[in-house]
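A short briefing follows, grouped by topic.

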Amino acid sequence: MSTVHLVDCLDRSHELRKQWNSLINKVYIRNQVTKEEMVIENRNYLFTIVPIRDGHYVNLYGTDITMAKQAEEEVKRLLFVLSQTDNSIMIADADGTIRWVNAAFKRISGYSLENVKGTHGEILRHGKSTGLDPRHPYFKRMIKTRRSVSYECKNFAKSGKEYWTLTTITPVLNDKDEIEGIVAMDSDVTEKKKAEKALLKAKKIAESSAKAREMFLANMSHEIRTPMNAIMGIIQLLRETSINSQQNYYLKSMEFAGENLMRIIDDVLDLSKIESGKLSIEEQGFDIVEMVRDLVNSVAYRAHEQGIEMKLDLDIDIPPVVVGDPVRINQILLNLVSNAIKFTHEGGVQLSVKVHSQDQDKCLLRFMVADSGIGIPKEKQEQIFEEFEQAHKGNTRKYGGTGLGLSIVKRLTSMMDGRMKLQSKEGKGTTFTIDLPFRITDKPLSENATEDMGRLRDVLSDKCILLVEDNKLNQMVASDFLASMGIKVSIANDGQEAMEWLRKQQADLVLMDIQMPRMDGYETTRMIREELKSPVPIIAMTAHAINGEERRCKAAGMNDYISKPLKKITLYKKIAQLISKKT
């Protein structure tokens, strides 16, 4: 500041002149060099005044410190903010040496500045290196990128307590892009890590529970399907013998009871697949009119036995071939029709299929299952779609069932992009309406879909099949199934017997049970492929009708898979298909 400028300012300001005179008098009285900050015209100056007594004057040196004062105020404000934050803050030199920490650092860690000053904070890690150590990968990444680096780390407080932080180290750069210092900020994430640990534990428990449930379902399926295979197989064999009308009635009753039991098993397994996201919807061309007629024919005798009428109403405009999943659609309709018959004591049940809308290559079909049965109370109409729920108390005892059917129907309908609606009045009957979209195709159905028993017999007659099965009843059923088509059957009671037989003879095909004593079907198949180097076609016969079983069978080297209880036509077609490929 020039002397002229100072004099001008003194002339204009009485207060400034008064302050200045007081300062000069103080210098003369003390006879000491004096430094004084003054604000002149909104700028800060530092004056150094040197008294010269002999000359009765002073030397005056003035420096504009406005920018320095502003910087000082900024630093004060920054330090105040850093001292008040809940996050732990450390300020370090360019080499990561700690120079300052805030109050939160001491509160969280228990250590003071004196404990960590001049270090890289190793005391927090029980001697291990930290992100402020120039040798640490995080420090090296910060140096290379010139940007902040964040990471989670485990620390130890002075008390010995373990705590976790999200640490961010940030370089402080000058105008030459050189690192002048480092700011490290720690956010306490201990509770978050505890929550993650608890979540991981819960996930492991859930996975363990799911695995245990899958094992239970697999064992349940096997234990029930194995004897059911014998029962359903014997029923099929008996139907081909000479029986009177009363015996035929008994067989139908047994078949009905067996089918109901199998439906319960399939419902439980399907629900498990749906919940785990492992149930898929297939797409293939099929005749939906034929499928619906077969379904109605299969349940009509049950309606007749209850003294009610079973009707079928088909739209004449239904396309001859549509693309969809016939197995799942049949499952939906069978559930609804079976329920309608079960809960109807007077009147009848009607299944109708109508074309709701149609264009060149797609259509929306409306399926309606209406009955004049006991109906569903209004307050129960949402609840019945939940698992294990039924509309009336005591239904399980009176009518049977698991309460899973409608839950599965609803889920399958949704998986096929369909819509489902319920109308019911207690005591007056119920109507379920399901709208399902289909693609229309001109492609004719494959020949296999209409292949008759005569052609199958031509392919299978005189072929040699090794049946590997430990259950005597299932041996009898499968052997009679095969013998009725002119097939030569040899039996091995387990995998070891199968290996001994195959070392001496050749078979056109092997029917391999999965669960057997001494050596199961998987190990036996691997030995056939690896030890005997045999390409013989192998079909897995398993009562483990759970998701992934087919994949496991094929991974072991088997060519195909069939679940128990066996159906003759399905078994014949699978054998014929593999034998035809072989030849």
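Lys-567 counts as exposed because its relative accessibility is 57%, where exposed means over 50% relative accessible area with a 1.4 Å probe and protein chains only. The model is predicted, so local features need pLDDT of at least 70 and side-chain atom pairs count only at pLDDT 80 or more, while totals for chains, interfaces and linings use all residues. Residues are numbered from 1 along each chain as its sequence is written, and side-chain values use heavy atoms, with hydrogens and water left out.

- Lys-567 sits in the loop between strand S20 (560-563) and helix H18 (568-582); helices (H or I, at least four residues) and strands (E, at least two) are DSSP runs numbered from the N terminus.
- Between the C-alpha atoms of Lys-567 and Gln-236 there are 8.5 Å in space, although the two are 331 residues apart in sequence.

**Positive phi outside glycine**
- His-126, in the loop between helix H5 (113-116) and helix H6 (137-145), has a positive phi near 60° without being a glycine, and its 55% relative accessibility makes it exposed.
- Lys-533, which is not a glycine either, has a positive phi of about 55°; this residue lies in the loop between helix H16 (521-530) and strand S19 (538-542), and at 63% relative accessibility it is exposed.

Notes: Buried means under 20% relative accessible area, exposed over 50%, partly exposed in between (1.4 Å probe, protein chains only).
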